[in-house]
Amino acid sequence: WEELIERCQEAGVDAFEINFSCPHGMPERRMGMAMGQDCELLHEVCGWINAKSTIPVWAKMTPNVTDISMPARTALAAGCEGIAAINTITSVMGINLDTLRPEPCVEGHTTPGGYSSRAVKPIALAKCMSIAQMMRHDFPHSAASLSGLGGVNTGRDAAEFILLGSNTVQVCTGVMLYGYPLIKKLCGGLQAFMQQHDFASVEQFRGASLPYFTTHHELVRMQREAVEAKKKARVGLAKDDEWIGARRCRRTFRCRARQDDVLANEPEIKLVNGAVTSGPSLAVEVNGLKLPNPFVIGSGPPGTNYAVMKKAFEEGWGAVIAKTVSLDSSKVINVTPRYAKMKSSDGKE
């Protein structure tokens, strides 16, 4: 850990995101997700890292725990400047009812893997909310940051994470599905939301939805009081001939459009070095780092080598998290198979 920190700093990176959450292969060697599930081990390793690092350190959390605020609190207490959440959710995709084997498989066998993209967003929002509330309560005077991720494909998705306290928003699977130019629609969608509410900056609405979370017990009390108030406000009829019949109440249910349709309708705006050229500013400052917009390429195939990271910055992404760094290449066993899927049949990226 110490040697990796020193050598990466010498290479000129701006910050570290430490992987305490990957479910692919690493937990079998007490790494990745296994570290994020063990607060004692997490505290020890974060201590080593922060003793050597002279730049911001983010700890990436696994959602595969009962209370994600506990390891997040441990990482911040050990000196980390920020938290990233969430990584993928451990899952089994299905069982083939003809062969009776799990899928996808290798020679008929498989292992649980990480589930990502749209379906995990509600879980990611809940986890980020929990972390943000903990940070406000336990670290009220700290500049600790939160980078939210999990199912972000539109600017409005990103707005939800920011409303729950996220300083930045990461995208990984979305880039793999829609490509690096997605950043222009993300910024356009986020800016359209800001204009709708007359927000001039991201910081102006960050965390604005957190005060509206409470307990089930409190919700029951609030509902009971509201019902009683409505009963008291009812006005009866003075006589029967005033009755004109029951009014029919119509409720309109609006189905949410398919995600692809939503994305297609998001405005695409021009970016110059990642910054918007008009309208509300999307610039953010996180742990001393100034970013032209809050969108970060999350850890995964889209940030695997120089060529793809260069493309990301050319399209306008605010930052890119490199994947994966190790002193021993034999230990990086989960990148090449996934990255190969990003290549076309003729070998071009």
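**Close-up 1. Strands side by side in the sheet.** Two strands count as paired if DSSP finds at least two bridges between them. Strands here are DSSP runs (E, at least two residues) and helices are too (H or I, at least four), numbered from the N terminus. This is a predicted model, where local features need pLDDT of at least 70, side-chain atom pairs count only at pLDDT 80 or more, and totals for chains, interfaces and linings use all residues. Residues are numbered from 1 along each chain as its sequence is written, and side-chain values use heavy atoms, leaving out hydrogens and water. Look at β2 (residues 57–60) and β3 (residues 82–85): they run parallel, joined by three bridges. W58 sits opposite G82 in β3.

Close-up 2. Seven strands make an open sheet in the order β1-β2-β3-β8-β9-β14-β15, with parallel pairing. β1 (16–19) and β15 (319–320) each have a single partner strand, so one side of each has no neighbour in the sheet.

**Close-up 3. A helix lying over the strands.** Helix α5 (residues 121–138) lies across β3 and β8 (145–149), at about 175° to β8. Angles like this run from 0 to 180 degrees between N-to-C directions, using axes fitted to C-alpha atoms, for helices over the stretch in contact.

**Close-up 4. Two helices packed together.** α3 (residues 39–52) and α4 (residues 69–77) pack at about 25°, their axes 9 Å apart. That makes α3 and α4 roughly parallel (angles under 35 degrees count as such). Who's touching whom? C39, L42, H43 and C46 in α3 meet M70, P71, T74 and A75 in α4, with contact meaning heavy atoms within 4.5 Å.

Note on methods
Angles under 35 degrees count as roughly parallel, over 145 as roughly antiparallel, 65 to 115 as roughly perpendicular and the rest as oblique.
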